Amino acid sequence: NTYADVTAQTDSTVQLRFRQSGDVKLYGRILSVCNLLQDSLTIHVLYTTPISLGTPAPFCQGDSVVLDAGSGFQSYAWNTGSTAQQLVVHSKGDYWVAAIDAASHCKSGDTVTIDVYPSPVVNIGPDRPLCRDSLYIFDAGGNYNSYLWQDGSPGRSFTAGATGEYWVKVTDGNGCYASDTARILRIDENPSNFLLPIDAVCTQGQQPVQLNATGTWAKYLWSDGSTGPSTIIALPGRYSLQVTSTAGCTAKESIIVPGKICPLGIFF
């Protein structure tokens, strides 16, 4: 028991795992009907260099870790097919190596489990234009430990008002990071001069008139709630129209329609 552990045994066989190198004498005795039979065998237990791959800490996706089986071996065999002393690991999984000791030609080995943190995913949106005199807020989303924008600001969002390239780098609780970039491509002009003044209308509403938008727009919204390129009015007052261009730029204009005295009818 000092030199070896019995790992398996039958009436006629024994399997041993030796704890240390050196010469060990193995004795065997069998008691028969007539007498005691015995024999001995000297076993030369060779030394082999142990392998320890350690316990690598998890790393972020895209990074790697180097597993080193150590020197002093004449050959190496990793489960990936590599035969080098070191193995560069990029993904999670179980990795093992078997190596032949250069002096004793005995085999050594070790197994290690590698874990990989998933990379965070950040998206601040596509490249886009910007309307004149407006702002756009790039939002990197929540659940990150830190943010870093192109100008060094640390907030979750960034407000842009000019053309150019904008990017953010985020870092999660595992220390893993990701980045995204978007561009303000151009400045689009806002709609203008789309609601022109008209002549006066009757103060009693006898003769309704039609207000027409000038130009063609993607969306219309009149002050009376109608959504077409024109609307009918019957009384004087203030009327407004909001339009949206195909680029998504919105503007609002108002006019004051004056009143005029109109005959109510013909009397005899």
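Mentor: Gladly; let us begin with the term disulfide, which is a pair of cysteine sulfur atoms within 2.5 Å. This is a predicted model, where local features need pLDDT of at least 70, side-chain atom pairs count only at pLDDT 80 or more, and totals for chains, interfaces and linings use all residues. Residues are numbered from 1 along each chain as its sequence is written, and side-chain values use heavy atoms, with hydrogens and water left out.

Trainee: What makes cysteine 202 and cysteine 262 a disulfide?

Mentor: Their S to S distance is 2.0 Å, and the limit is 2.5 Å, so the pair qualifies. The link is left-handed, with -85° about the S-S bond. Cysteine 202 sits in strand E18 (residues 201–202) and cysteine 262 in the segment after strand E24 (259–260), 60 residues apart. Strands here are DSSP runs (E, at least two residues), numbered from the N terminus.

Trainee: Why is cysteine 262 called buried?

Mentor: Buried means under 20% relative accessible area, exposed over 50%, and partly exposed in between (1.4 Å probe, protein chains only). Cysteine 262 has 12%, so it counts as buried. Cysteine 202 is at 0%, and therefore buried too.

Trainee: How do you know that the disulfide of cysteine 131 and cysteine 249 is left-handed?

Mentor: The torsion about their S-S bond is about -100°, so the disulfide is left-handed. Cysteine 131 lies in strand E12 and cysteine 249 in the loop between strand E22 (237–244) and strand E23 (250–257), 118 residues apart. The sulfur atoms of cysteine 131 and cysteine 249 are 2.1 Å apart, and both residues are buried.

Trainee: What makes E12 and E17 a pair of strands?

Mentor: Two strands pair if DSSP finds at least two bridges between them. E12 (residues 128–131) and E17 (residues 177–188) have 3 bridges, so they pair, and they run parallel. Cysteine 131 stands opposite aspartate 188 in E17. E17 is also joined to E16 (residues 164–171), by 8 bridges, and these two run antiparallel.

Trainee: How many disulfides are there, and what pattern do they follow?

Mentor: The structure holds 3, and the pattern is 1-3, 2-5, 4-6, with bonded cysteines counted along the chain. One of them joins cysteine 60 to cysteine 176, with sulfur atoms 2.0 Å apart.

Definitions and conventions
Helix = DSSP H or I, 4+ residues; strand = E, 2+ residues; numbered from the N terminus.
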